[in-house]
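Here are my notes after a pass through the model you sent. Have a look at the structure first, then go through the points in order.

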Amino acid sequence: MTYTHLSPAHQELRDHTSKVAAGLPAAGEPGRINRPLLKALSEHGLLGRLFPRTSAMDLCVIREALARHNTEAETAFALQGLGAYPILLAGEKSVVDAWMPRITAGEAAVGFALTEPGAGSDAAALTLAATPDGDGYRLAGEKVFISNAPDADVYSVFARTSDNGARGITAFAVPGDAPGLTGTRQRLVSPHPIGRLHFKDVYVPATSVLGEVDGGWRVAMRTLDMFRPSVGAFALGMGQAALDAAVAHTSEREAFRKPLKDFQAVSHQLADVATSLQAARLLIHDAAAAYDSGAERTGHLSAMAKLFATEAAQRAVDVAIQVHGARALEEGHLLEHLYREIRAPRIYEGASEIQREIIARQLYR
Ligand SMILES: Cc1cc2nc3c(=O)[nH]c(=O)nc-3n(C[C@H](O)[C@H](O)[C@H](O)COP(=O)(O)OP(=O)(O)OC[C@H]3O[C@@H](n4cnc5c(N)ncnc54)[C@H](O)[C@@H]3O)c2cc1C
């Protein structure tokens with residue numbers, strides 16, 4: 001399909017990504033980092049497209065195309081981006097040189113470690129302590145729901161350096177094998193690699209600070225601003241896959257001596273889904289283009305894109321299951337898989353309610 005609002009280069013990127021997604025290595029072990037998949041994402045040029053010149057539009061185009069065909073590849077791709085962007089954005093040259101080539105080559109897996117047991121939506125309430133010690137810092141505390149933990153090779157970790165709310169947070173690049181850093185897996189409804197991280201006086205040199213001391217909040221927010229429209233694109237790709245499946249199934253399956261598509265109660269539901277997915281696509285691409293243009297204050301556009309797309313995609317999957325009937329709920333069915341995958345994006349990188357807060361704040365500025 002041609003999306004007239006996309007440049008020919010982005011249409012080509014979408015088509016290339018779709019082709020790549022179809023030929024990627026087999027699924028890995030659920031809940032574990034799939035390293036052959038990371039390597040393949042690099043070999044096909046997708047990680048190279050992310051770094052060093054990250055573009056929100058590229059991210060959205062790639063994430064939608066991967067999600068439509070292969071959610072595991074999408075997740076692996078997105079996590080490399082989210083975890084590494086703080087290093088790329090704010091790391092000292094020695095840290096960038098140490099990690100970015102390996103991350104881009106798919107040889108090092110990376111995690112973005114912000115959330116804590118007592119600090120989720122209110123991330124600025126985080127308490128993991130970074131205390132000065134000689135030429136560096138000692139990190140002590142806990143992170144939870146960290147994607148790629150506990151097996152990532154490096155984490156962008158956000159820690160408290162002073163008692164000053166969002167202005168007392170510092171970002172660090174912390175190697176996964178740093179003495180004192182341990183982790184445990186968490187099992188979610190989807191087969192996502194995710195876990196807890198326990199920091200027991202983990203030493204990091206001052207050179208591993210990403211950006212300014214006490215300036216980590218800005219690093220976290222700039223990263224999330226870049227990635228937020230593309231979370232919508234991930235959901236959109238899954239919603240589109242669900243719609244594709246629903247169109248195919250209702251064209252074939254007969255009930256009461258005619259194909260399901262000939263019942264208007266069925267086809268009009270799919271028409272509504274197609275319309276909301278296209279609206280989501282336009283919101284996503286508009287937010288991404290605004291971000292890439294360097295325009296000031298695009299956060300509300302990203303919030304609208306993520307909010308609308310994740311909710312529309314959830315509805316798309318639900319409708320697709322309804323028109324498939326029982327078979328969609330059988331273990332191993334694409335829609336059973338999408339049903340488990342589609343839920344989390346409405347919670348992470350800002351729950352839907354937080355997106356509404358961002359949009360409302362802009363309204364009343
Ligand atoms: C699959 C998955 C992957 C994740 N990956 C990462 C990762 O890589 N790195 C990382 O740091 N974190 C990650 N997270 C954690 C995620 O960012 C948090 O779950 C999210 O920020 C919400 O925090 P919480 O779960 O503690 O919910 P809480 O903050 O406890 O909020 C619970 C609910 O309360 C409501 N709520 C909260 N605040 C408000 C408000 N101001 N107004 C109205 N309603 C509100 C919302 O409905 C919200 O969903 C991941 C989570 C999941 C599910």
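1. Phe145, Leu188 and Val189 together make a nonpolar surface patch of about 280 Å². Patch members need over 30% relative accessible area and no salt bridge, with like charges joined within 9 Å and nonpolar side chains (Val, Leu, Ile, Met, Phe, Trp, Tyr) within 5 Å. A salt bridge here is a side-chain nitrogen of Lys or Arg within 4 Å of a carboxyl oxygen of Asp or Glu. Areas are Shrake-Rupley with a 1.4 Å probe, and for residues only the protein chains shown count as cover.

2. Keep in mind that this is a predicted model: local features need pLDDT of at least 70, side-chain atom pairs count only at pLDDT 80 or more, and totals for chains, interfaces and linings use all residues. Residues are numbered from 1 along each chain as its sequence is written, and side-chain values use heavy atoms, with hydrogens and water left out.

3. Back to Leu188: it sits in the loop between β6 (181-185) and β7 (194-205). Its relative accessible area is 36%, so Leu188 is partly exposed (buried is under 20%, exposed over 50%, partly exposed in between). Helices (H or I, at least four residues) and strands (E, at least two) are DSSP runs, numbered from the N terminus.

4. The loop between β3 (136-147) and β4 (154-160) deserves a look, with Pro150 in it. Ala149 and Pro150 are joined by a cis peptide bond, omega about 5°. Asn148 is in that loop too, and has a positive phi of about 75° despite not being a glycine. Is Asn148 buried or exposed? Asn148 is buried, at 5% relative accessible area. For context, most residues other than glycine have a negative phi, and most peptide bonds are trans.

5. There's another cis peptide bond between Phe51 and Pro52, with omega about 0°. Pro52 is in the loop between α3 (46-50) and α4 (56-69).

6. Arg297 also has a positive phi, near 55°, and belongs to the loop between α8 (264-292) and α9 (299-324).

7. On helix packing, the axes of α7 (residues 216-252) and α10 (residues 334-341) come within 10 Å and cross at roughly 155°. That makes the pair roughly antiparallel (the cut-off is over 145 degrees). Axes are lines fitted to C-alpha atoms, for helices over the stretch in contact, with angles from 0 to 180 degrees between N-to-C directions.

8. For α7 and α8, the axes come within 9 Å and cross at roughly 160°, so α7 is roughly antiparallel to α8.

Definitions and conventions:
Buried < 20%, exposed > 50% of the residue type's maximum accessible area, 1.4 Å probe, protein only. Parallel < 35°, antiparallel > 145°, perpendicular 65-115°, else oblique.
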